[in-house]
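Here's a quick briefing to read alongside the model. Have the sequence and the 3D view open as you go.

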Amino acid sequence: MRQGRADEYAEFAVARAGHLYRSACLLTAGDTHLAEDLVQETFGRLYVRWGRVSRVGNPAGYAQTVLTRTFLAHQRRRSSRERATDVFPDLPGAGDGDASLRLTLLDALARLPARDRAVVVLRYWEDRSVEETADVMNVSSAAVRTRCSRALGRLRELLGEDLAEYAGS
C-alpha cells in the first residue's frame, strides 16, 4: 500500500474505531472482548481492500457492513465449548448515564438470537432504513421487517414493566 493510502487508512481507522466498537458492543450484547476482536477483524478486512473501499462513496457505511457481517459469521461458527454468561463486564463509559438501564437493555439484547439482535442494532442504534439493513444482512426487506417486529415484541416481553421503571427514573 502506498504511503498516501496508508495514511488515509490510518486516519479513517482512528476516526471510526470508537463508533465501530460501540456498535460491536451492542451486537455482542456487552461482550467487550469479542467486540474488540470483531473491530480488529473488520479493520483487517478493510486494510486489505482499502484501495477499493476508499473510492466508495461511504467508507464508514462499508465498514459498518463488514462489522455486521463479521459478527454474523462469528455467530455461525461459534465453538460449542464457548458458554454465554449473564454477567456483564464493566463497559467503558458505564458511569455515564443510568447503569442499571444499560445493563437491563444489554441483558435483553443478549437474549435475542444473533440475527434479531443485528436487526435491532442496525435499525435503531445505527438508524438505518429497512432497505439498508436488508442489504447489510443479505436478506429481503420483508425479512428485516418480520425480524424487527419479532425482536421488538420479544424485547417488550423481556423488559415488561422494567423498562417503564427505568425510563421513569
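A crossing is left-handed if the near helix is turned anticlockwise from the far one by less than a right angle, and right-handed if clockwise. By that rule, α1 passes α6 in a right-handed crossing. This is a predicted model, where local features need pLDDT of at least 70, side-chain atom pairs count only at pLDDT 80 or more, and totals for chains, interfaces and linings use all residues. Residues are numbered from 1 along each chain as its sequence is written, and side-chain values use heavy atoms, with hydrogens and water left out.

**Overall picture**
- The protein has 8 helices and 0 strands; helices (H or I, at least four residues) and strands (E, at least two) are DSSP runs, numbered from the N terminus.
- Of its 169 residues, 38% count as buried, meaning under 20% relative accessible area with a 1.4 Å probe, protein chains only.
- Contact means heavy atoms within 4.5 Å. Among contacts with a separation of 6 or more, 67% come from residues 24 or more positions apart.

**α1 against α6**
- The axes of α1 (residues 3-27) and α6 come within 9 Å and cross at roughly 140 degrees. Axes here are lines fitted to C-alpha atoms, for helices over the stretch in contact, and angles run from 0 to 180 degrees between N-to-C directions.
- That makes α1 and α6 oblique to each other: angles under 35 degrees count as roughly parallel, over 145 as roughly antiparallel, 65 to 115 as roughly perpendicular and the rest as oblique.
- On the α1 side, His19, Arg22, Ser23, Leu26 and Leu27 meet Arg117, Ala118, Val121 and Trp125 of α6.
- By class, this contact has 5 nonpolar, 2 polar and 2 charged residues; Ala, Val, Leu, Ile, Met, Phe, Trp, Tyr, Cys and Pro count as nonpolar, Asp, Glu, Lys and Arg as charged, and the others, Gly among them, as polar.

**α6 against α7**
- Helix α6 (residues 114-125) packs on α7 (residues 130-137) at about 140 degrees, with the axes 10 Å apart, so α6 is oblique to α7.
- The crossing of α6 and α7 is right-handed.
- Arg115, Ala118, Val119, Leu122 and Arg123 of α6 touch Val130, Thr133, Val136 and Met137 of α7.
- That contact splits into 6 nonpolar, 1 polar and 2 charged residues.

**Threonine 68**
- Threonine 68 sits in helix α4 (residues 59-76) and counts as buried because its relative accessibility is 0%.
- Leaving aside residues up to four places away in sequence, threonine 68 touches Leu27, Ala118, Leu122 and Val136.

Key. Buried < 20%, exposed > 50% of the residue type's maximum accessible area, 1.4 Å probe, protein only.
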